[in-house]
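Please open the structure in the viewer and follow the selections below in order. Each stop names what to select and then describes what is found there.

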Amino acid sequence: MSKDKFDYFIKGEKNKYEVIIGLEVHAQVSSNSKLFSGSATKFGAEPNSQVSLIDSAFPGMLPVINKECINQAIRTGLGLNAKINNNSVFDRKNYFYADLPQGYQISQYKNPIVGEGKVLLDMPYGSKEVGIERLHLEQDAGKSIHDMDPSSTYVDLNRSGIALMEIVSKPDLRSPEEVNAYIKKLRTIMRYLGTCDGNMQEGSLRADVNVSVRPVGDKNFGTRCEIKNVNSIKFMQMAIEYEANRQVELLDEGKKIEQETRLFDTKKNETRSMRSKEDAHDYRYFPDPDLLPLKIEQKLIDDLKKTLPELPDNKKERFMSDYGLNSYEANVLVSEKEISKYYEEVAKLSDKKLAATWMMGDLFAMLNDKGLNISNSPISAKNFAELVQSIKSGEISGRIAKEVFELMVESGDNPKKIIESKGMKQQSDPKELEKVINQILTKNKDKVDQYKSGKEKLFGFFVGQVMKESGGKANPQLTNEILKKLLKG
Amino acid sequence: MSEIIKKNLSEIIDLIKKKEIKSEELANLYIDKVSKSKKLNSYITTCFEHTIQKSKEFDKKPNLNSLLPGVPLAVKDLFCTNGFKTTAGSKMLENFIPQYESTVTENLWKEGAILLGKLNCDEYAMGSSNETSYFGNVINPIAKDTVPGGSSGGSASALAADLTPATIGTDTGGSIRQPASFTGTVGLKPTYGLCSRWGIVAFASSLDQAGPMTKSVKDCSIMLEAMAGFDNKDSTSIEKKKENYSKNLKTDIKGLKIGIPKEYRVENMPNEIDELWNKGKSILKDLGAEIIDISLPHTKYALPTYYIVAPAEASSNLARYDGVKYGYRSSKGNDLIEMYENTRSEGFGDEVKRRILIGTYVLSSGYYDAYYLKAQKVRQLIKKDFDENFGKVDAILTPSTPSSAFKIGEKTNDPISMYLNDIFTVPVNLAGLPAISVPAGLDKKGYPLGLQLIGKTLDEQNILNVAYAFEKNCNFKNEIKNWWL
C-alpha cells in the first residue's frame, strides 16, 4: 500500500498532468452558544428549538460577538502555526435565501482573524508542508428541507448563526491521498484543541474543493473549478478524481476550462456545473455596521498560547524519542488525543514497544469490529497494560494472550484474574517442564528414534504434544530448549 | 380642552409629584385629545386600554422618585413595543407585533412612563416630510397644508399638538432635529452609541440614533436621562456612567466658545434664516459666550456621502423583510424568487425602493471603491473637520434647516430637493456627534424655525446648557391654534 515516491499524475493524450488542489474547510466551532446570539448549538435538536430573535433576524435585533468563539478561532490559529491578527473586521455577505434570515451572512472578508499558517502531513513519501492562507469566522446558515412536503419548503434555523471557521489552504495539495491526510490532520489538531469536534456526519466539518490541472513541469496554475460543500473525505477524493480527469479530457480535446462552481453528485459520482463565473453572486461585502472592528489584545493571544495542549506533531516527536516508536507507530498513536492518552497510560505500566504493537493490532481491530472508540473500550488502559506485562514477563504466551484478550473484552475483567481462574499461566518451571517432556519422549520412543536417525521434522510433533499435554501453557521457548537438549542426549 | 396638557413635561411631572393630578386623569386628558385629533394622522396605533390600566396601577402605588412618574408617552413607531404593533410606517410590517421591547422604551417604562401609542413616521424612517408612510402623511399642527418634517414627523406633530407630553424619535440624518425645527419643538440627537439601538427597526446602523423630542430644553434633559445608557445587547453602545442631565442643567454659559461654520451659509437660503442665525449669535454673545468663525471645509460633501452610506446600509438592513419569517408576504409567485420579488415590490413604498436600489448599486462590485469606499473616506474627513474645530470651540451653532415647514406634496416628486432639506443635520450623523435643535423664531408665514447646537462627543450636557440659556432668552412662542378640533 505504501509508496515511497509521489506518483499521482493523470495521463492525457499528449501530457502528463499534475493535479492542484486547495481546500476551504468549514469547521463548526465547538461552543455552547452561537457566534452572535445566546442560542444553544446542540446537534439533532427539534427543528427551530434553538433559535433566538437574533438568529431569525427580527426587526431591531443586533449581533453581539460570543467571546468563546473568538478564543476558539485564536486557539485554532495557534494550532495551525498561524499569525493571529490583532485587528480584524466582520463583514456582511449579502444574498437572498430562505434559510438566511438576515439576508446576509456575517463573515470576515478582507481582514480575517487568522492569517498565514502551515500544517505538516506525513505521507508515505515523506513529510509535506501545506500552507494555510487564512482562517476566518462566519455564521452558518439554516437548513432548507425540500423533501418533507411536495409543494412547500421547510426551514430549520437551529444551525442559523452557529459559528464556523473557514480554513483556507494554499493550493498546495496534489492528490486525493494528500487531501485525505490534510483533512485528517486538521481534524486531529482541532480535536486536540477542542475547537471543533470534526464530526463529518453531523456536518461539523465540510469543504469546498478547488481543483485545477497543469502539465507536469508547468509553473502556472490552470483554471480552477470549485466543488461546493462536500461533506466526507471519501466524496472529496471521488470528486477530485472525477473533476481532474474531466479537466484533462477537456484539455486533450483542445477545449478551455471555464472557471465555475460545481456540485458533486454522490449518486452518479460526477461533478456538474452549478453556476459559471458570469453568474457568480455579487455578495456586496461591506463592514457590518452593527459590529465594531475586532481588536485582540496580544495578552489574550499569549494567555491562550499557554493553555494549548501538546499538539500532535510535538507529541509524535516525543513518542518517538521517549518510547522508541517508529514514525508510523507514533503517527497512529497520536492521531487522536484519546488514543495517545490511552497509550501513554499503558506505556507507563508496561513495555512501551510491545504495548504499541498490541494496541495497534488486537485492540484497534477489536474496537473497529465493535464500532467502538478508544474512550469506550471494554478494556481499561490499566488492564491492557497488565496484559502486555504478562506477555512481556513470559507469564503467558502470545497465543494464550489472545485468549485472555477475548475474555477481557467479554468480561471487562483484570487479566491476572482471568489467567488465575482459568489456570492459563504459562509453564515456565524448567523442572516441571522437563518432567512432562520426559514423559512424552518415553511414550513416543519410536518417534524419538526416527528423529535421531534424521527425521528432524518430528521436532514439531514433540512440541505439539507438549502443548497438548500442558493445555497450551508450556513456555514455547523453554519447551524448545529442553526438547533440543533431551533429544540430543 | 384642558390647560394641563399644554404644559411642558417637567411641569406635568411636578403636578403628579405634588399629587395635583393623577396619572389616570392625565392619561384621559391625552386620550381625549388624541381621539379628537385624527385629522393630523400623527398616531398609527393607540393602546388606550393599556394606558388606562397602567396609569391605574401607577396611581395605586405611585413611585414618585422615578424620572417620568405615571407620564403617558407616545413613541415613534420604529421602536419595538412588546405586544403592540410596530409598523415602521410600512405595509411590510403593517401587522407586526413584537414579542420584545426596545431597550430605549424599556428604559422609559422603568422610569414610570406609560405607553400611549405609536406615532407615524416615514417608511423605515426614510423621508424628510412624513409623506412616505404607508399609513398616510402627517399634518403639521402649525398649518393644515404643511408637512411636519420627517422622518419623526408623527412624533413632532403629536408633540406640538399636545397629543403627548414628550416623545422620542430616531435620527439618521436629521429625523429628529428637522421635524423639531418645523414644529417649534426641541429635538436632540445624542452621540452615536449613547442610546441603545436594540429593538429599533434599523435604517442605517452606523448613523441611527434615538433621541428625545420635547417642548422645552429641560424636558429634553429629563427624557435623555431616562432613555440613555449602556446596553450590552448593542455592540456599538458606549460604556459609561449615567448622567444627571436635568439636575446639572444650568444657564451660565459665560466664556463658552461658540463656532459659526461659514460653510452652512448655503445658496438660496432664505434671508430669514440668516437673520435668525444672527439673532442666535447675538443672544449667546449677550450671555457671555464668545462667537468664533470656523470652517468645516468638507461640509459640501456631507449630503452625497450620506446618500451613499445610508442607502448602502439600508439595502442590507432591509434584506430581512422577505416574506419568509414575519411581516407581509405576497400571495403571488410560483417560486421563492418570485415570492421575494412580489413581497418586496408590494410591501415597500417608492422611497424605500429607491434607497435600496441606490444602496445595492454603490456596494456592487466595480462600484464599491468609487462610491462606498470613497464615501467612507470622506466621512472620516468630515469627522476630522469637527474634531479639529472642537479644539477651538465648545459648541457649534448653525440653522437646523434651510427652510421652514414646506407644503404637503411640494417636494414629493423631487427627491433631490427633499434630500437637500437635511443639509445641516446630516454632517452631525456622519461624525457621530450630539446636536440639538431649539426653536428660535417664526418666519413671515408664522412658521417656526430652529437653530442647531452641535457638541463634542458625549458633550450632551454642554449643548443642553447652551440651548437652555438660549431658550430662556429667546422668548420663542409656538402659535398653534388647534384648528383641527
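A residue is called buried here if 20 or more other C-beta atoms lie within 10 Å of its own C-beta atom. The coordinates belong to a predicted model, scored at ipTM 0.96 and pTM 0.91.

**First stop: helix α1 of chain B**

Colour chain B by confidence: its mean pLDDT is 97, and 100% of its residues reach 70 or more. Then select residues 9-17 of chain B, which form helix α1. Which residues of this helix are buried? They are B:L9, B:I12, B:I13 and B:I16. Because these residues cover an arc of only 100° around the axis, they lie on the same side of α1(B). The spacing follows a general rule: an α-helix has 3.6 residues a turn, so residues three or four places apart point the same way.

**Second stop: the contact between the chains**

Select the residues of each chain that touch the other. Chain B contributes 33 residues to the contact and chain A contributes 25. On the chain B side, highlight α9 (302-317), α10 (336-347) and α11 (350-363), each of which supplies at least two residues. The largest share, three residues, comes from α9(B). Colouring this side of chain B by residue class gives 15 nonpolar, 11 polar and seven charged residues.

Chain A holds 15 helices and 16 strands, and its C-alpha trace spans about 95 × 55 × 50 Å along the principal axes. The radius of gyration of chain A is 30 Å, whereas a compact globule of 489 residues would have one near 23 Å. Of the 489 residues, 39% count as buried. Among contacts in chain A between residues at least 6 apart in sequence, 68% join residues at least 24 apart.

**Last stop: the domains of chain A**

Colour chain A by domain: domain 1 covers 9-305, domain 2 covers 310-422 and domain 3 covers 430-488. How far apart do the C-alpha centres of domain 2 and domain 3 of chain A lie? The separation of these centres is 34 Å. Where the two domains meet, four residues of domain 2 are in contact with four residues of domain 3. The domain 2 side of this contact has one nonpolar, two polar and one charged residues.

Methods:
Residues are numbered from 1 along each chain as its sequence is written. Chains are lettered from A and ligands numbered from 1 in the order in which they are written. This is a predicted model: local features need pLDDT of at least 70, side-chain atom pairs count only at pLDDT 80 or more; totals for chains, interfaces and linings use all residues. A residue is buried if 20 or more other C-beta atoms lie within 10 Å of its own, exposed if 12 or fewer, and partly exposed in between; C-beta atoms are placed from the backbone. Helices (H or I, at least four residues) and strands (E, at least two) are DSSP runs, numbered from the N terminus. The arc is that of the directions from the helix axis to the C-beta atoms. Two residues are in contact if their C-beta atoms, placed from the backbone, lie within 7 Å. Ala, Val, Leu, Ile, Met, Phe, Trp, Tyr, Cys and Pro count as nonpolar, Asp, Glu, Lys and Arg as charged, and the others, Gly among them, as polar. Domain bounds come from an automatic or database domain assignment. pLDDT is the predictor's confidence in each residue, from 0 to 100. The radius of gyration is taken over C-alpha atoms; the globule rule is 2.2 Å times the number of residues to the power 0.38.
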